[in-house]
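Biologist: I have the sequence and the model open here. Could you walk me through it?
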Amino acid sequence: MPKAQGNWSVESASADKELQLPGPGKAAMASLLPSLSPAWEKWKIDATDLQAVFQIGHLAPNPANSMKAYYEGMKAMAEMNMLPGFSVQRINEMREQSNKHWPERFDMLCMFTVAAHGNREMAKAAFENLYNPMKAIAGFMPEGMDPFELMKETAGEKAAADFKNAMKAADVAAKGMQAKKSRFLGEDALVTEVKGSEMPSEVLIGRFIIFGDILSLAVFADPGDKRCDKIGGKTMSNGSTEQSTLRKEGYVHREEMQDMAKKVFAKVRELAAKDGELENAGATGVVDGVVKSGNSIMVLADGKGNRITLTGGSELRISSPASFVLPMGSATWEIGDIDSKAQITVKTPLASVSFGKGFYAVSSIGNQNSLTVMKGDAEFACPKGKIKVASSQACSFGAEQGLYGPMPLPKSVLEYCDKAMKGKKK
């Protein structure tokens, strides 16, 4: 059995400059979908502690013009051999695949996202930098690491130059889109000019940013009083159909989408108001062996000089002093004081890692789990087998991508890590 490494406790939890609040939580983010009218149906909600992606569908008001009627019509024609190359079986397969992405009971899908940032200032910076791709790319890189130098090492000088030119062109194109700050339905918004109208790209409320179809539909959907054929209406003597309006017939219309957007904004405002109660919360500590870093960098120490550093948005479960589970996020282990025969084990959703003395980084991001060894030796086990990973090497496994590695680390990454470690020693 591994020798116990002492009790881990929070050594520090900090944002670089401003206090960063913990994530509102998965349940709180998922609750931002307001009550829907009978014409709308919740289809999918993908929520984390910091973000929720909502997909809702509008039920087709006219069965005769629905996708269900379309597929049933195709089947009837195939049965009468009126669709060469299409069998009933093939149509059923097409229908099944289509329903995975757009259920046939809907005539409209609306997807939108609510994302929480570490604090109001961070949200404001992200809000204002939407149309600055160069800043956005740099924001994902650790301070002091040049993304183009990293690309030059991994993909070659030409690829790095092409990427840099593409980013500059994107900056120029973005400036031509006439993005500007404005107000939309009473909230701060970033808008662009589209066909003479202001289309909101995103809305800022506290430390939350809302973007997606709910904003564009609230501007570009047809008004509710627009004329349309009455569903099941009589045919007039001149051959036209009895008339009605989009609102009366139950079709998607602009006022309906604006009302829905206002309800979402109200929900977000309620959650943003609770941030005042969290001003001194920072990142969470160790609670029943579970550590959540919120949006802050958190450092754990065991009193022997061993440290674990979690990036923001990470969760770590401490099964024992030398056994961990990393369901989401990224963490580094700096292990110096450990029995020569002992091993630290870290389990992720798709892999298991074990190592002794050294400096290691483990990540669980989406459906990809990875290991980076700056110093030391480790074993990486996944459904495709076990591999040894030595100093200055990395590997990764994804359900779709498979197992990659071990691969040598780029020189710029090693230089960055060396610089960071020297900085800590000072």
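Biologist: Which residues is Val114 in contact with, leaving aside its neighbours within four places in sequence?
Modeller: Taking contact as heavy atoms within 4.5 Å, Val114 touches Met29, Leu32, Leu50, Gln51, Ala52, Phe54, Phe208, Ile209, Ile210 and Val268. This is a predicted model, where local features need pLDDT of at least 70, side-chain atom pairs count only at pLDDT 80 or more, and totals for chains, interfaces and linings use all residues. Residues are numbered from 1 along each chain as its sequence is written, and side-chain values use heavy atoms, with hydrogens and water left out.

Biologist: And how many residues does the largest nonpolar core have?
Modeller: The largest nonpolar core has 34 residues, and Phe112, Val114, Ile214 and Met257 are those with the most contacts inside it; such a core is a set of buried Ala, Val, Leu, Ile, Met, Phe, Trp, Tyr and Cys residues joined through side-chain atoms within 4.5 Å, where buried means under 20% relative accessible area, exposed over 50%, and partly exposed in between (1.4 Å probe, protein chains only).

Biologist: Where does the largest share of this core come from?
Modeller: Helix α10, residues 254-273, gives the largest share, 8 residues; helices here are DSSP runs (H or I, at least four residues), numbered from the N terminus. A second, separate core has 32 residues, including Ile335 and Phe397.

Biologist: Switching to Lys262, what does its accessibility count as?
Modeller: Lys262, which lies in helix α10, counts as partly exposed because its relative accessibility is 45%. Its C-alpha atom is separated by 9.8 Å from that of Phe184, 78 residues apart along the chain.

Technical notes:
Helices (H or I, at least four residues) and strands (E, at least two) are DSSP runs, numbered from the N terminus.
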